[in-house]
Amino acid sequence: MDAVDIAQRQQELLLAKQLEQHKASQTNKHLANNQTCDGDYECIDCGELVEPQRVKHGLTLRCIACQHKHEDKPCKKL
Ligand SMILES: [Zn+2]
């Protein structure tokens with residue numbers, strides 16, 4: 001094996017690794033959250049887009065209205 005072969009092989013390994021990581025991150029993204037292909041987030045309760053100011057704070061699961069409803073629920077059943 002000469003230097004060119006080794007370099008080529010390393011390149012292939014690197015590419016395969018990057019591809020794998022890329023696939024894994026895409027799968028995780030899809031499973032882990034409700035992000036649309038535009039980079040926005042959809043509320044898991046009503047399907048509306050989550051307000052950008054919430055997304056900025058990492059609150060990507062629900063819109064403001066549904067978050068309020070969600071937080072109210074446990075107490076209001078008395
Ligand atoms: Zn909502």
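**Exercise 1. Which element of the protein has the lowest mean pLDDT, and which the highest?**

Solution. This is a predicted model, in which local features need pLDDT of at least 70 and side-chain atom pairs count only at pLDDT 80 or more, while totals for chains, interfaces and linings use all residues. Begin with the term itself: pLDDT is the predictor's confidence in each residue, from 0 to 100. Among the elements, helix H1 (residues 3–32) has the lowest mean, 79, and helix H2 (residues 52–56) has the highest, 94. For the protein as a whole the mean is 84, with 81% of residues at 70 or more.

**Exercise 2. State how many helices and strands the protein has.**

Solution. Helices (H or I, at least four residues) and strands (E, at least two) are DSSP runs, numbered from the N terminus. The protein has three helices and zero strands, which read along the sequence as α-α-α.

**Exercise 3. Describe the surroundings of asparagine 34.**

Solution. Residues are numbered from 1 along each chain as its sequence is written. First, locate asparagine 34 in the loop between H1 and H2. Then list its contacts (C-beta atoms, placed from the backbone, within 7 Å): leaving out residues up to four places away in sequence, asparagine 34 touches Tyr41, Glu42, Ile44, Thr60 and Leu61. Finally, threonine 60 lies 26 residues from asparagine 34 in sequence, yet their C-alpha atoms are 7.7 Å apart.

How values were computed: Contact = placed C-beta atoms within 7 Å.
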